[in-house]
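Visitor: I would like to go through this model and ask what stands behind each label.
Guide: Take a look at it, then ask.

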Amino acid sequence: MTVSDSIRLQGDIDRAIAIDAFPRTAVLTCDIEPDYGARTGTAALLEEEQPLNDVLAFCAAQKLPLSCFVVTSLLQGNKGGICVLRAANLDVHAHSHTHNTQQYRVSSAEEMQKAQDVFSAFFGRPSLGYRAPQGVLYPGDIQALSGAGYAFDSSVFPSRRRGLFDYRALPTEPWMWRGGVLELPFAALAHSRRRVTVSMLKLRGRRFWQRQLREPAHWPHVFVIDSHLHDFFTPGNFHHLPLAYRLAYGRRKEQGFALLSWLVELLKGQGYRFVDMTSLCRELRARK
Ligand SMILES: [Zn+2]
């Protein structure tokens, strides 16, 4: 597999966004996608309304805005989770059309456009933002994003995932791509470049993260948290996952909400405010 690297993408960066005088801001995002990113071939967690409703109840109790990124092929049919997504009038954006990573490698630009078309037809408005499957950006994707009418992208982990990407040389704070699309990268720590996602909180556990997060100066000023329904619930087909994923996702299976709560309190304690992606995009785009 090709490793997508920082060097190629650095050439596509226009400029950094000045965030010194910007308030410390966090966003909770949830990817609405097939179970385990399509690794089981099912979307069981979207069949019923309950999983997404429970996430919304958690957010309401914590007074957290939620932004969702939806795989637009899932908008077809009448899935309970998708009905919730539409009825709740959430802050929703596109997360590819198929999330089929093998196919996506050779058709990412088409997927960006198709996702925008299907999203617009379903919601009656274009998607403001885009998120690529597995956080990988292929050559030509930056131009394709603006061509498909997205105002922001939130795909980049300024971190490394072996065999998939190495974006450690990219900034940990938002920047503007050439062509005018804003990047709102996922949270990664400045000193270790570790990704702070709900999946990673569960994989490594609280004690590990207490050490990693000891120094708030290392936290990104704009803190975008990634999560999935499978971080909070376990679908019945869990045993269909390849062994390596079963081992990874089997760690602290029941602790998704508790660990996210812990992180949210930590962030609030350091003065972070929580907004949704649309507000963050508009506020940062208004800054010159
Ligand atoms: Zn995904």
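The questions below concern a predicted model.

Visitor: What makes the size of the chain agree with a compact globule?

Guide: For 288 residues the globule rule gives a radius of gyration near 19 Å, and the chain has 18 Å, so the two agree. The C-alpha trace spans about 45 × 45 × 40 Å along its principal axes.

Visitor: How many helices and strands does the chain have?
Guide: The chain has 10 helices and 13 strands.

Visitor: Why is H7 called roughly perpendicular to H9?
Guide: The axes of H7 (residues 198-212) and H9 (residues 256-269) cross at roughly 95 degrees and come within 9 Å. Angles of 65 to 115 degrees count as roughly perpendicular, so H7 is roughly perpendicular to H9.

Visitor: Which residues make the contact of H7 with H9?
Guide: From H7 come Val198, Leu201, Lys202 and Arg206; from H9 come Gly256, Leu259, Leu260, Trp262 and Leu263. By class, six are nonpolar, one is polar and two are charged.

Visitor: Which residues have the most contacts inside the largest nonpolar core?
Guide: That core has 74 residues, and Val27, Ile32, Cys68, Val70, Leu85, Phe223 and Ile225 have the most contacts inside it. Strand E3 (residues 25-32) gives the largest share, five residues.

Visitor: What does Ile32 touch?
Guide: Leaving out residues up to four places away in sequence, Ile32 touches Leu46, Cys68, Phe69, Val70, Val71, Leu74, Gly81 and Leu85.

Visitor: How much of the chain counts as buried?
Guide: Of its 288 residues, 43% do.

Terms used:
Residues numbered from 1 in each chain as written. Predicted model: local features only at pLDDT ≥ 70, side-chain atom pairs only at ≥ 80, totals over all residues. Core = buried A, V, L, I, M, F, W, Y, C linked by C-beta atoms within 7 Å. Buried ≥ 20, exposed ≤ 12 C-beta atoms within 10 Å, placed from the backbone. Helix = DSSP H or I, 4+ residues; strand = E, 2+ residues; numbered from the N terminus. Contact = placed C-beta atoms within 7 Å. Axes fitted to C-alpha atoms, helices over the stretch in contact; angles between N-to-C directions. Parallel < 35°, antiparallel > 145°, perpendicular 65-115°, else oblique. Nonpolar A, V, L, I, M, F, W, Y, C, P; charged D, E, K, R; others polar. Rg over C-alpha atoms; globule rule 2.2 N^0.38 Å.
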